[in-house]
Amino acid sequence: MASSLFSALRSHIRNSISQFPIHRRLPLITIINRPPSISSSSPNLPPPDCPFSRCFSTLRRQPDRPKKLDIGAKARQLQNRRLWGYTLTISCIAGFVIIVLNNFSDQLVFYVTPTEALEKFQANPSKNRFRLGGLVLEGSVTHPASSPEMEFVVTDLITDILVKYEGSLPDLFREGHSAIVEGFVYPLTDEVRGKLASAGKPVSDKARSIEFYFQGTEVLAKHDEKYMPKEVAAALERNKAKLKEEEEAKSVEEKVAES
């Protein structure tokens, strides 16, 4: 009886064990060539054979959606760039215009009288180029034979200035007539005074008494005051009227003193 019970128990255990699958150990070559399987440490991922695995992988690879653009900020940025561009362009144009005007003004030569020339030179010695207009003082022309340079005095009836000029004079150049001399104002130093050909001439004493002289580069002579520049002609008329008033006042004072 005991043997029958033992046999029944053994058969029952054998049947129970047969219900569990038995996994045979694979050889080493099969394990190496076998594709990798998904680790059981990732329980959230679907198995490889799942039909939704491709969908999940696509969703996982999808990039983040771009943030919403601020159209107002973009417009303000473009407007600022445009304003900076306009500002730089206008600044460059203004600088170019200023440079051109400065160069052009340096090349301009204005008609001035001896009085105006000396006043402008004393105010700004760097601007010493002028176109001097006035009357050639009678008896002031001096042309020594030993020097190619000649001297004469130009006056506006108030101020006399000594002019030194080397070159040929125009045919209409005469003493007592109007003339236009283009050149530069320079200080009359002691060295220059010692070389003056007009030294000792009483007619040029007034011109030699000032501290400046005029170095002429070109002489334009006119036979009449009508052909003088308007600025110079107007200055001469004012000076004539001024001298006339001074003479009248002086004569009145002399009459009062005699009486």
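Which residues does Leu132 touch, not counting residues up to four places away in sequence? Leu132 touches Val112, Thr113, Pro114, Ala117, Val154, Ile161, Val163, Ala179, Ile180, Val181 and Phe214, where contact means heavy atoms within 4.5 Å.

This is a predicted model, in which local features need pLDDT of at least 70 and side-chain atom pairs count only at pLDDT 80 or more, while totals for chains, interfaces and linings use all residues. Residues are numbered from 1 along each chain as its sequence is written, and side-chain values use heavy atoms, with hydrogens and water left out.

**Nonpolar cores**

A nonpolar core is a set of buried Ala, Val, Leu, Ile, Met, Phe, Trp, Tyr and Cys residues joined through side-chain atoms within 4.5 Å. Buried stands for under 20% relative accessible area, exposed for over 50%, and partly exposed for values in between (1.4 Å probe, protein chains only). The largest nonpolar core has 22 residues, of which Leu132, Phe152 and Phe214 touch the most other members. At least two residues of this core come from each of helix 5 (114–123), strand 2 (129–136), strand 3 (149–155), strand 4 (160–166), strand 5 (178–187) and strand 6 (212–221). Strand 6 gives the largest share, four residues. Helices (H or I, at least four residues) and strands (E, at least two) are DSSP runs, numbered from the N terminus. Another core, of seven residues, lies apart from the largest one; Leu188, Leu196, Ala207 and Tyr213 are among its members.

**Helix 5**

Pro114, Ala117, Leu118 and Phe121 are the buried residues named in helix 5. They lie on the same side of helix 5, because they cover an arc of only 95° around the axis, taken from the directions from the helix axis to the C-beta atoms. The cover over the buried residues of helix 5 includes strand 1 (111–112) and strands 2, 3, 4, 5 and 6. On the face turned away from the buried side, helix 5 carries the exposed residues Glu119 and Ala123.

**Salt bridges**

A salt bridge is a side-chain nitrogen of Lys or Arg within 4 Å of a carboxyl oxygen of Asp or Glu. By this rule there are five salt bridges, including those in the table.

| Pair | N to O distance |
|---|---|
| Arg129 and Glu182 | 3.0 Å |
| Glu191 and Lys195 | 3.8 Å |
| Arg208 and Asp205 | 2.1 Å |

The side chains of Arg129 and Glu182 meet in a salt bridge. Arg129 is in strand 2 and Glu182 in strand 5, so this pair ties together parts that are 53 residues apart in sequence. Arg129 is partly exposed at 38% relative accessible area, whereas Glu182 is buried at 11%. Glu191 and Lys195 are both exposed. Arg208 and Asp205 are three residues apart in helix 7 (residues 205–209), about one helical turn. Arg208 is buried at 13% relative accessibility, and Asp205 is partly exposed at 37%. Shared partners join Arg129, Arg131 and Glu182 into one salt-bridge network.

**Aromatic pairs**

Rings of Phe, Tyr and Trp (its six-membered ring) pair if their centres lie within 6.5 Å; planes under 30 degrees apart count as stacked, over 60 as edge-to-face and the rest as tilted. The structure holds four aromatic pairs. Phe184 and Tyr186 form a tilted pair, with ring centres 6.3 Å apart and planes at 35°. Tyr186 and Tyr213 are also tilted, with centres 6.1 Å apart and planes at 40°. Ring pairs link Phe184, Tyr186 and Tyr213 into a cluster.
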